Amino acid sequence: MNPNIRIVRDASLRERNTFGVAARAPWLVSVDNAADLPEALQAAPLRDGLALALGGGSNLLFAGDPGGAVLELSGRDVRVLEQDGDRAILRADAGVQWHGLVMQSLALGYAGLENLALIPGTAGACPIQNIGAYGVEVRDFIHAVEAFEPASGQWHRFDNAACAFAYRDSRFKQAPDRYLITAVEFALSRTPSLKLDYAGIGEELAAMGVDAPSAQNVAEAVIAIRSRKLPDPAVLGNAGSFFKNPIVPATQAEALLADHPAMPVFRGADADTRKLSAAWLIDACGWKGHRDGGAGVSAAHALVLVNHGGATGLQLLDLARRIADSVRARFGVAIEPEPRIVGARW
Ligand code: FAD
Ligand code: EPU
């Protein structure tokens, strides 16, 4: 057997999801070199199909076991593919840790990813939900996504437009496991074009005593804000925001605002829509800090479900459903989970 393909039988996934809930995979297959994927997919555990492509497990809820083979791409190569004056194309294998890649790109002198510092997970997962934070989405910097399609045995290279990126969405999120993302190429720049307008960044830079910020300074500010606002999964299990911010018709947002003048309303993707704050809606329903045994809502941020210890994925899912029901009953707004729910339906 190829030494770059490792297969573990009856693998625990508890350490492989940031909620820290118990789950088991009948097979866990790790592939170091993406070129070996066709061979790995012919191996006995994967011949009947793949139950789950797993990265860092930071946007998943195991409400049950995956029920089939789990595959992880563990390649960690980072390379500059092209450098043309100001612009560089940086390519990262799927298994590269996202935050490390952000810091490495900045150390190489390439700006762009600084607002996305400290997001957990892998480079291979960043296109799945078009990760975003502090006024930037990764779609702004993705040049191409390299992927293998198990069903057809074909390799693909999707350019940015072909990825169908939207808020917390892409063609990959719409068809889970259809494409195994093997590497991502980023178009970065030596001349920073800093995005400082998101609430809190300017204040943080001022508190740091920085008045002409570099891209590194922005990353440091984002790291400081995130460390205060979001629980560290190494200390308290969580998957970041559990719900997406709901997009509603502008008319509905205006009607809600008339009744709730303090409600934050953000612009949507077009003039007819608005984005509401799921955190505010959940907070207003009284859930912040709520706890049912091991499953709870963070006391620091109403959008973050937490595992205080011993919660099952199903208990967390049950809590999430009750939260969504109460938001619908009080505000008439449907909120939907951001993480992938494995082993149960929303
Ligand atoms: P996983 O959780 O392992 O997988 C997520 C999805 O991607 C699954 O559907 C999985 O099947 C699929 N997938 C993973 N790798 C591949 C691959 N190579 N090929 C095909 N499919 C694949 N997200 C944000 O957007 N912004 C934030 O600010 C943010 N903050 C967070 C803060 C905390 C504390 C936590 C715990 C999470 C946060 N997240 C945030 C969510 C999460 O970190 C991101 O969605 C991240 O990109 C998930 O990466 P992962 O490798 O852990 O993916
Ligand atoms: N708010 C409350 N109660 C709270 C927390 C926040 O009412 O407990 C309100 C505040 O009014 C605040 C507003 O919610 O102004 C927005 O809060 P925040 O700036 O923290 O942003 P968010 O909408 O809760 C989003 C992303 C995060 C991302 C941050 C920063 C989604 C679903 N979440 O959170 O992404 O880090 O903005 O850009 O879009 C993730 O996706 O996992 C994630 C953490």
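## Ground rules

This is a predicted model, in which local features need pLDDT of at least 70 and side-chain atom pairs count only at pLDDT 80 or more, while totals for chains, interfaces and linings use all residues. Residues are numbered from 1 along each chain as its sequence is written, chains are lettered from A and ligands numbered from 1 in the order in which they are written, and side-chain values use heavy atoms, with hydrogens and water left out.

## Domains

The chain splits into domain 1 (5–73), domain 2 (78–189) and domain 3 (237–342); these bounds come from an automatic or database domain assignment. Domain 1 and domain 3 have C-alpha centres 29 Å apart. Their contact (heavy atoms within 4.5 Å) takes 14 residues from domain 1 and 18 residues from domain 3.

## The nonpolar cores

A nonpolar core is a set of buried Ala, Val, Leu, Ile, Met, Phe, Trp, Tyr and Cys residues joined through side-chain atoms within 4.5 Å. Buried means under 20% relative accessible area, exposed means over 50%, and partly exposed is in between (1.4 Å probe, protein chains only). Helices (H or I, at least four residues) and strands (E, at least two) are DSSP runs, numbered from the N terminus.

The largest nonpolar core has 45 residues, and those touching the most other members are F62, F243, I282, L305, I323 and I335. Elements giving two or more residues to this core include β2 (24–31), β4 (60–62), α8 (278–284) and α9 (313–331). Helix α9 supplies the largest share, eight residues. Domain 1 and domain 3 each put at least three residues into this core. For a close-up, pick F243: among the residues it touches are A278, I282, I323, I335 and W346, leaving aside residues up to four places away in sequence. There's also a second, separate core of 43 residues, with W98, L116, A117 and I119 among its members.

Which residues of α7 are buried? They are A250, A253 and L256. They cover an arc of only 125 degrees around the axis, so they sit on the same side of α7; the arc is that of the directions from the helix axis to the C-beta atoms. On the other side of α7, you'll find T251, A258 and D259 exposed.

What do the buried residues of α7 pack against? Their partners are β14 (247–249), β15 (265–267), β16 (273–276) and α9.

## F331 in α9

Helix α9 also holds F331, which is buried with a relative accessible area of 6%. Not counting residues up to four places away in sequence, F331 touches Q252, L256, H260, W280, L281, A284 and C285. A284 is 47 residues from F331 along the chain, and their C-alpha atoms are separated by 9.9 Å.

## An open sheet with a helix on it

Two strands pair if DSSP finds at least two bridges between them. An open sheet of four strands runs in the order β13-β19-β18-β17, with antiparallel pairing. β13 (237–241) and β17 (291–292) are the edge strands with a single partner each, so one side of each has no neighbour in the sheet. Three bridges link β13 with antiparallel strand β19 (residues 304–307), and G237 sits opposite N307 in β19.

Helix α9 packs on the sheet, touching β17, β18 and β19, and its direction makes about 40 degrees with that of β18. Axes here are lines fitted to C-alpha atoms, for helices over the stretch in contact, and angles run from 0 to 180 degrees between N-to-C directions.

## Strand pairs and hairpins

Strand β16 pairs antiparallel with β14 over three bridges, where P249 has T273 as its bridge partner. Three bridges also join β16 to β15, again antiparallel, and F266 stands opposite K275. A hairpin of β15 and β16 is connected through five residues.

Elsewhere, strand β6 (residues 78–84) and strand β7 (residues 87–93) pair antiparallel over six bridges. Their hairpin has two residues between the strands, and G85 in the turn has a positive phi of about 60 degrees. Six bridges likewise join strand β10 (residues 142–149) to antiparallel strand β11 (residues 154–159). This hairpin has four residues between its strands, with G153 in the turn at a positive phi of about 70 degrees.
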